[in-house]
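The exercises below are to be worked through with the sequence and the model in view. Each has a task sentence and a solution in steps.

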Amino acid sequence: MAFDGITIAAMVKELNEHLAGGRINKIAQPETDELLLTCRGPLGNCRLLLSASASLPLIYFTEKNKPSPLTAPNFCMLLRKHLSSARFLSITQPGLERVIQFELEHLNELGDLCRKYLILEIMGKHSNLIFCDENFKILDSIKHVSSNMSSVREVLPGRQYFIPQTQHKLDPLTVSEEDFYGQVLTKPIQTARALYTSLTGLSPVMAQEICTRASLDGDAPTESLDENARVHLYHTFLRVMDQVKEKDFQPNIIFRGQIPVEYAVMPLTQYQSGHTVAEFASVSAMLEQYYAQKNIVTRIRQKSSDLRKVVQTSLERSVKKYSLQQKQLKDTGKKEKYKIYGELINAYGYGLEEGCKSLKALNYYDDNKEITIPLDPTMTPQENAKKYFDRYAKLKRTEEALTTQIAETQEEIDHLESISASLDIALSESDLVQIKEELTQYGYIKKHFTGKKKTSVKSRPFHYLSSDGYHIYVGKNNFQNDELTFKFATGNDWWFHAKGTAGSHVIVKSNNEELPDRVFEEAGSLAAYYSKGRTAPKVEVDYIQKKHVKKPNGSKPGFVVYYTNYSLMAVPDIHTLTLIED
């Protein structure tokens, strides 16, 4: 979610709780576009991180310290000169703008009280930290913006500071009902888009949330709203704005499994099935955890990009080969016709004159219907029959070869899709090591001999505890699937797998007990979630006792067969299960 005006309003509330009347003890600039302030406020000492990064602008309290450069940048030195031991007079947000203004009081060189403003603008690539005097004249900024870079506003020492009004949006805290109907809902676009493009500080997620709370489809055009829907949307919007005015915030993160999907400072009702909600005591705690976990997922995605490319390229090649083989197999369906032609020529061709181009005969294989068989006039009837028998034999051999090749190609596609599913759930570098090892073992990646001793990196399966206290294990890749099923599980343990799609093997340790129905449902949900079908509302899952699961000789890792099984429809929602960190 974007760091929108509502999130900033919640952050301003938190800033005032920690800093109102407090002082700045230390100023550091660990990055070119980042400040780290050590402060003392009503709740004690704290560290405040302010980032004007173009890719990730944000502000939050943190326990972590960051090393500073040996030589402080000029902007940092200027702030130290003016703001060392400065006191926070106020921390405000103009309207619902993505702007935070710190009003600070300090003593100058003569001992006189002076007032300064430190302004953080969180505006994507245009984010900035600006230092102004009491008249809002810019003293310096962490990023200088000249007229060559922006025709809207220069951010340079000596220029007057103002918030750029380039989009001419309405203030959602003060917008009238007339303007809401007349300027927002008259735009010929989707309803949610009309909200966030017309009102300051609203993100697309929050606009969609307002529509969801009003029981409306945010993707529906504004023209489709009748009078009742428009009134209901306006009053829903007012209730959300009342929460902002009353500072009624509930920081939370929406998870799908272990992956953070979204964060907000209000409950998001648009996320229901398949998602879990983690609530936080502060906006800072929410932001720190969200971006920490998001960074893990992003980092693994980046590190796995080469492996994904190998898998995707090989998969596309195999799918193309499979399609071509299927087309060739379809062509072999003509073989029976050529066999019949040959037999009918042998049966009726004795009376043919030399040089005939066709033979009309009764097809005793098809209720004696008359057919016309093309002939080569330069050949005898026996030679024509032999030609058709040869075609039949060739197509039969082709069919037999293609049937084997198609089965091998389908097995290769299934294998690659299972590796792709493993990449989707990888959470650590050790997970990627095992996947790379499998790709190397099966020739998708060339093996390079380095002369160094191979280091063993052990990745463990996911380990869950069911609501009834039973231990459930989920393989992260094909090697783990084989190990779980054929080395770890005992005969009476239960085995689960999504039907007809790539996914993880799920083992429930039964302890030789009869399992409650709820355990089957939860294990089924895990098998559904850790499969390629995780985005579907429900997934069919096969389950069977492990002793009935077999591995064919020479089959690829993760591949098994079973002949009698039970099935259930599972929802890929695992929020009720406890993940155990082994």
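**Exercise 1. The open sheet**

How many bridges join strand β15 to β21, and in which sense do the two run?

Solution. Begin with the source: this is a predicted model, in which local features need pLDDT of at least 70 and side-chain atom pairs count only at pLDDT 80 or more, while totals for chains, interfaces and linings use all residues. Residues are numbered from 1 along each chain as its sequence is written, and side-chain values use heavy atoms, with hydrogens and water left out.

Step 1. Strand β15 covers residues 462-465, and two bridges connect it to β21 in an antiparallel arrangement. Strands are DSSP runs of E with at least two residues, helices are runs of H or I with at least four, and both are numbered from the N terminus. Two strands pair if DSSP finds at least two bridges between them.

Step 2. Within this pair, L465 has T578 of β21 as its bridge partner.

Step 3. Now place the pair in its sheet. Seven strands make up an open, antiparallel sheet, in the order β20-β19-β17-β18-β16-β15-β21. The edges are β20 (566-570) and β21 (578-579); each has a single partner strand, so one side of each lacks a neighbour in the sheet.

**Exercise 2. Helices on the sheet**

Which strands does helix α12 touch where it packs on the sheet?

Solution. Step 1. Helix α12 (residues 478-488) touches β16 (471-474), β17 (494-498) and β18 (506-508), and its direction makes about 140 degrees with that of β16. Contact means heavy atoms within 4.5 Å. Axes are lines fitted to C-alpha atoms, for helices over the stretch in contact, and angles run from 0 to 180 degrees between N-to-C directions.

Step 1. Look at the start of α12. The N-terminal end is capped by N477, with a side-chain oxygen 3.2 Å from the backbone nitrogen of F479.

Step 2. Find what is buried, meaning under 20% relative accessible area, as against exposed at over 50% and partly exposed in between (1.4 Å probe, protein chains only). In α12 the buried residues are N478, F479, Q480, N481, D482, L484 and T485. Their cover includes helices α10 (381-425) and α11 (429-441) along with β16, β17 and β18.

**Exercise 3. A hairpin and its loop**

How many residues lie between β5 and β6 in their hairpin?

Solution. Step 1. Six residues separate β5 and β6, and G95 in the turn takes a positive phi of about 60 degrees.

Step 1. Strand β5 (residues 87-92) pairs with β6 through five bridges, in the antiparallel sense. R87 has E105 of β6 as its bridge partner.

Step 2. R98 belongs to the loop between these strands. With a relative accessible area of 33%, R98 is partly exposed.

**Exercise 4. The cores**

Which members of the largest nonpolar core touch the most other members?

Solution. Step 1. They are I6, I59 and F102, in a core of 80 residues. A nonpolar core is a set of buried Ala, Val, Leu, Ile, Met, Phe, Trp, Tyr and Cys residues joined through side-chain atoms within 4.5 Å. Helix α1 (residues 5-19) contributes the most, with eight residues.

Step 1. Follow F102. Residues up to four places away in sequence aside, the contacts of F102 include L15, L48, I59, F88 and Y117.

Step 2. A separate second core has 27 residues, among them F462, I472, A528 and L577.

Conventions:
Polar contact = N/O pair within 3.5 Å; in protein donor to acceptor, adjacent residues only side chain to side chain.
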